[in-house]
Amino acid sequence: MSPMNGDSLITDEMLRLKDLFKLKVAIETGTCFGSTSLWMAKHFPFVLTIESNKDYQEVAKERAKNEAIGNIVFFLGNSETVLSHVLQSRSIGHDALLLLDAHWGNACPLLDELKAIHAQAIRPCIVIHDMKNPDDDRFGFDKYNGQEFTYEWVKPSLDLIYGQNNYVHYFNTGFKKESAQRGVLFVHPKIFVKEW
């Protein structure tokens, strides 16, 4: 019940991206019980979160109410459909962080979510959960119909969003034993500041 399954190194990196790119909006696909949504609402001015399971969403809404958090908008439905609507209707621009984590069991909307981002011609910061970390095999990752969640798999979609060679991608580093120990891919546009 903690953000990003207990991995504070991931949330720290999300905050670094927020500061670096002056991000104002956080969008999450896959609300589940709302732990990451509630954390984002404490750090971002505006949070949108999408969940396909009504029971999970109700838990998340109740938690937000109990913590008096009012800057989250909850959406119910399949993320591949709802995300497209949200990006259009809310006039989401480059100042957004998108956490893509709606894949679960027989549902794998990831490529459709990336397609929805591309259709809006925006270049946000993107964080994809459950990716195979090629540098550290201790991190878990997802598969869908035998397809491992690898950078190579999503690269064509990222090339469409940002343009080839116009973005930076990297994986989480550092291993927190108390976390769920999942691989995460971070992606952002290239910027003209000195690399850290």
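## Overall fold

In this predicted model, the protein chain holds six helices and nine strands. Its radius of gyration is 16 Å, close to the 16 Å that the globule rule gives for 196 residues, so the chain is as compact as a globular protein of that length. If you are setting up a box of your own, the C-alpha atoms fill roughly 45 × 35 × 35 Å along the principal axes.

Taking the contacts between residues at least 6 apart in sequence, 67% join residues at least 24 apart.

## Surface and charge

Of the 196 residues, 51% count as buried. The chain exposes about 9800 Å², and carbon and sulfur atoms supply 50% of that area. As for charge, there are 21 positive and 25 negative ones, and their mean positions are 5 Å apart.

Helix α4 spans residues 79–89, and its buried residues are S79, V82, L83, V86 and L87. These residues cover an arc of only 130° around the axis, which puts them on the same side of α4.

E67 counts as partly exposed, with a relative accessibility of 37%. A68 is exposed, at a relative accessible area of 72%.

Beyond its neighbours within four places in sequence, E67 is in contact with L38 and K42. E67 and L38 are 29 residues apart in sequence, yet their C-alpha atoms are 8.6 Å apart in space.

## Positive phi away from glycine

Most residues other than glycine have a negative phi. A68 is not a glycine, but its phi is positive, about 55°. K22 is another non-glycine residue with a positive phi, also about 55°.

Where does K22 sit? It is found in the loop between α1 (8–21) and β1. With a relative accessibility of 57%, K22 counts as exposed.

Conventions
Residues numbered from 1 in each chain as written. Predicted model: local features only at pLDDT ≥ 70, side-chain atom pairs only at ≥ 80, totals over all residues. Heavy atoms only, no water. Helix = DSSP H or I, 4+ residues; strand = E, 2+ residues; numbered from the N terminus. Rg over C-alpha atoms; globule rule 2.2 N^0.38 Å. Buried < 20%, exposed > 50% of the residue type's maximum accessible area, 1.4 Å probe, protein only. Contact = heavy atoms within 4.5 Å. Areas by Shrake-Rupley, 256 points an atom, 1.4 Å probe, with all protein chains shown as cover. Lys, Arg positive; Asp, Glu negative; His and termini not counted. Charge placed at Lys NZ, Arg CZ, Asp CG, Glu CD. Arc of directions from axis to C-beta.
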